[in-house]
Structures are given as C-alpha cells and as structure tokens.
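Student: I am new to this structure. Could we go through some of the terms used for it and what each one rests on?

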Amino acid sequence: MPLRAKLLLLALSTLVLPLSGAMLVRQFEHQLRLTQAQVQLASAQTLARAVAARMDAGTSDASAWFVQPARQGFVLDGYEEEWRAQGFASQQVAPGFSLSMAQARGTLFLYLSVEDVARVRADAHWPQAAHADQILLTLHDANGKHLLRLASAAPGPLIASPLTGNEGAPQLRGEWQEDGRGYRVELRFAPGYQPDALAAAALDFSDPANPPRRLGSETDPHPVQFVPPDLADELAELVGEGVRATLVQSAGFVLARAGSFPVRPPAQEPGFARRLLHRLVAATPPPPATPDDAAMQLTSPAFSQALRGEPAQAWFALDHGRGLLLSTVVPVQREGKLHGALRLEREGEAVLLTGQALSGLLLASVAAMFAVGLALFAYAGHLAGRIRKLSRAAEAAIAREARGASGSFVASDAQDELGALSRSFGRLLDEIGAYADYLRGLAAKLSHELHTPIAVVRGSLENLESETLSDSAKTYVGRARDGVERLSAIVRAMSEASRVERAIAAAEPEDFDLRKLIADCAEGYRALISPRELKTMLPPHAISFHGAPDLIVQALDKLIDNAKSFCPPNGWVLIGLAPLDDGAHIVVANAGPSLPEAMADRLFDSLVSLRGTNQRGDGAPHLGFGLSVVRLVAQRHRGEAAAANLPQGGGVEFRITLRGMERPRPGSR
C-alpha cells in the first residue's frame, strides 16, 4: 500500500474525536430528556390533583352518556356528516345501536343510529305504531320520567309520541333518514333542556312470527354527563406558557383543552450539520405525532394506561423530525376514585443541546479532521517524493556501475532518517563500486601474473619429456601437459574477456540502420551454419539506431555460434528484429534441446557453459565467455539479455533488448 494511503488511513483515526463527542452528546441528551420527563410528570400529577377537586362524581361513571361540546350548531337533517366533521364519537347502546349527544349554544342534540335491513314503518302516533320499527327514549329530568316513542312512516320529519302522558314532556324536533343499513334519527331539544338520565331501546318488528328484537333497554337509564361550566378556563389558568393540557373523563371523552404551543416559524430544510447531528445524537428516532385536536374521544394506549391508574409518557417527532413533543398522561383521582385522565404536552427541539455552539463544534471537529488529513496527505506526498528520488538515484547508480560508466551516488544531506538512509546507500554503493572495479581488473591481473608460472611449468614438462621415462610417468606427464594447456586457454580467455570489456566500455556510438546491419550479417551466416536452415524475420522498413554496430555484430556472432553448437544439422536457426518505441528487439532462436530451468538465469554469467568438448570443432573446452559478452553489449546499449525455451519445446530463444547508447549533451566533450 502506498505511503500516502497509509497516512490517509491514519488520518481517519481522528474520526474518533467527533464520534466520541457525539456519544457524549447522546448521553447528555438522554439525561436531559429523562430529567425533562420527570419534571413534566411531577407537573402533570400536581395539575391533576388540582383539577380533580373541580370535577364532579359523574365523571367517574364510565357508563354515563357524555354530552360533547360542539363548536357550532347542527342543521337538523338526519345525516351524520356534521357530526363526523366535528370529530364527535358515538357511544354504543347495544350491538347495532349507538347514540351521540352534543350541546351547541345551550341546545342539546341527540343522534341515534340503528342497523335494521328490513323495516316496518308507521308514524309514532298511529295505532299500528306499536308493531312498527321504533325507538323508545326514556328521559329523567326535573319534571320526572318521560317515555317517548320515535317512529316514522317515511324519511323526513318525525313525530315523537309520549307514552307516559304529555305533562312536562320535553319539547323536541327530529328528522328520520334511512339507507340500506338501517335508519338514523337526529333530535334537537328546546334550548336550555338538560336531562339527568337517559335510556334508549330500539324495537325491530321485521319478523311477524316472532316477538320484536330489542336493542338496548328503555328501563335502565344512565346519567347524562355535561362538561362542567368554566372548566376549560380554570384549566387554562393552571397551565403554564408553552404547555398544552387535555382533560378527559373516565370513558375518554374530552372535558376541556387549554394552552397552546408557541408559533413555530415555517419549517426550513435543516442544514448538513443539523442533519448529521440528528443522525449522531438521536439513536432511535421517535414516531411522528398524530394530531387529535378535533377528536371528542381519545382512546390512545397512553390514555388507556392512565385510565387504569398508571402514568404514561412518550416522545413524538414534529415537522419531520425537526422538533419533539413530550406527552405525559396521568390519572385524575380523588379520594381513591378515578375521575379521568390529564395529558400534558410540551414541544422542544429535536436535540436539546443543538444550537449555534454545538453545530459550530461539530463543524470545527470535521474541519480539523479534514485539515489534519490534508496535512498528512501532503506530508506523505513529500515523503513519497523523497523516497522515489532516492530509489531512482540508487537505480541509476547501479545501472551506471553495471555499464562500467563513471558517476557516483549523490547522497542527501537532510538530517533525518531518510537522509541517513541516503548516505548509507551512498557508502554501500561506493563499496560495491570499489569491489566491482577490483573484480574487473582481477582477470587481467591474473592472466598477467599466470603467464610466467605457466611458461615455467611448460618448459619443465618439455625438459622432462626429453628424459627416459617409464610408461606410467609418461602418462602423468601427458596429463600435466593437458592441464597446462587448459590453464593457458583459460588465461588467454580471461585476457580476451578483459580486452573485450575495455573495448565495449570504450566503444563510440554512431547512427546507422539497424535493419540493414542485421540483414547483412544474416546473409554472411548462411554458409557458416549450413546445412542448417537460416530464417529471418525483419521489418520492411529501416530502423534508425544510435549505438556501436561493431559491438552488436560481435554479440550476434556469439549468439549464432551458440545456436550452431546446439542446433542439429537438419534443424533451423532464426534471426528476428522487432522495433520498439525506444529501441529494438534482436532475437536468435534455434531448434535443439531445451535449457535446464535452473540455468536460464545463469547463462549470461562468465565461466558458465552447457557445451561439451565434442561440440567444438577443435575439441578444446568451452569456457563460457561468449554469452557474458552478449550481456555486456546489451547493457552498453541500455538494455538487457534473456534466454527462454520455446513454447512448444524443442528449441531455445535468445532475446536482446537494445535502447541505444546515450547521446552526448550539447556543449560536453
């Protein structure tokens, strides 16, 4: 992995700072919410005790008929749309029979709904009305008990017929409407009329063969509960600013609402910092709040829990998560008896700690992390540049040393670890250069120093041969002479190799056509390698090249001689040339045995050979200097030499890559 990437990954470790800050903020947020919930619970319980003293005993009777306050009057038409529009809830008298009661501007309204598919119709004052579908309504008021029959022969205004006498009977008007499910009755009493109790029953005479089906009971009245006057005003005096309170009776019907929230500005799309902060701090977003301002009966799980005597609290999201609503519902009790439930609601920020300071802190943390990462990335680039420079300088010094060129490694004078490493490289390369110089001169020195001892040994052997020797002594003398001759050949080869190396290093470059040079050499090799077949693969156009043509011919001679030695008489030898963007490839391939895998990388070293004495025409041993000359020629032309077996076996390919010799710089000698 590059150094920049490593330091960049290291810079990402600074993310722990804003993340740990976010975890701390989340913990603070949790504690603050818990504290706010406890404070609001205590406030709600205190307010519930104050409200309980104002509520009468009737609120604790869940079976009472509750008169819901209406915001506006009703058009007496027998339809339910107006009741639904104002959020009125119905109370079930019996399965298939329900009623709703409302009071608007001091006038009592009653809406009854009966499910009856098949109907028997008659007006309430007709004699046959006793056997027609009807509603029996029992009212208890200051004048006593009143039993009324509600029936109609057709949709429209209905007539209520008193069954217990007309004295003191309440005055009312009504409308009867029908549909496929049953019939609906809407009643309006005289202004100011308030019954104490009410009972209702519906009689269904659909089956003449059986007694009528009775829904409800007209003889089991339940009290009628009205909202205590001025209860909403008194509740508003107890509720603080920015808090909304809702009081319900024991059946969940709303008795009073008070308080309001501050006017919120138009919702704006939160910025990136606020959205990120909400993500980090709010681990689990609360559910969205469901408005119930128009509902007359509240039956949420929180109210159900409070009406069982247990407080309930919950957080809700406002404005798509930009705000929070804390809802606290507590039971309203007096003398150990449940009278209803009180809900307190307060709005707050989605994150209590958010604001300019915390948003600025988050932005500062992110900016600091970005700055640290950028600085580390830039410093990594600086270090990577110095390391690449050191690597290129070392490779250039090694390449110059391999070519025998002059020049030294320029070490850095920086007083840091990279500077010390650069100076260590310089000392190492100086030691390697000195040792390489010693090795280059070693062959010449050895060949010079061995000439005299070899001459002495040869003369001694000649003198010894002139003496009378036994057969066994002659054998030993012959072996000694062969050894001396072999040693002389090695010394001559070492001297030749030294001269070749010096000649290669001193060769002067020139511009010439490399294709023409290879083609001319190939024609001269045909007779040399006969009867073997010579193949050529040359480009159709000239290749301009800057180098030493004599050295290239010498390397080609060595390769052809090597190919001839290993190629059978009926085989083939191939000479190829391929241009490159910065030089050319010269290929010499031949049929014959493959190279041992262990020798592929050592063939171009000195004194390494795979030939036997029978592969030379004169029977002399081969010393393995030819391919080392090929490599020296390739290196002098800024290239390399390689050998590989042919893909299909039965042959070897030698490839020389030449990139040309360096041109002299303008103004240099």
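Tutor: Leucine 421 is found in helix α8, residues 417-466. Note that the model is predicted.

Student: Why is leucine 421 called partly exposed?

Tutor: Its relative accessible area is 37%. Buried means under 20% and exposed means over 50%. The value 37% lies in between, so leucine 421 is partly exposed.

Student: What makes Leu421, Phe425, Leu428 and Ile432 a patch?

Tutor: They form a nonpolar patch on the surface, with about 330 Å² of accessible area together. Patch residues need over 30% relative accessible area, and nonpolar side chains are joined within 5 Å. Leucine 421, with 37%, passes the area cut-off.

Student: How do you know that β22 and β23 pair?

Tutor: Two strands pair if there are at least two bridges between them. β22 and β23 are joined by 6 bridges, so they count as paired, and they run antiparallel. One of the bridge partners is threonine 657 in β23, for glutamate 640.

Student: What makes the pairing of the sheet mixed?

Tutor: The open sheet has 5 strands in the order β18-β20-β21-β23-β22. β18 and β20 run parallel, joined by 5 bridges, whereas β21 and β23 run antiparallel, joined by 8 bridges.

Student: Why are β18 and β22 called edge strands?

Tutor: Each of them pairs on one side only.

Student: What makes β23 mostly covered?

Tutor: In β23, 6 of its 8 residues are buried, and buried means under 20% relative accessible area. Helix α12 lies across β22 and β23, running at about 30° to β23.

Notes: Residues numbered from 1 in each chain as written. Predicted model: local features only at pLDDT ≥ 70, side-chain atom pairs only at ≥ 80, totals over all residues. Heavy atoms only, no water. Helix = DSSP H or I, 4+ residues; strand = E, 2+ residues; numbered from the N terminus. Contact = heavy atoms within 4.5 Å. Axes fitted to C-alpha atoms, helices over the stretch in contact; angles between N-to-C directions. Patch = residues over 30% accessible without salt bridge, like charges linked within 9 Å, V, L, I, M, F, W, Y side chains within 5 Å. Areas by Shrake-Rupley, 256 points an atom, 1.4 Å probe, with all protein chains shown as cover. Salt bridge = Lys/Arg side-chain N within 4 Å of Asp/Glu carboxyl O. Buried < 20%, exposed > 50% of the residue type's maximum accessible area, 1.4 Å probe, protein only.
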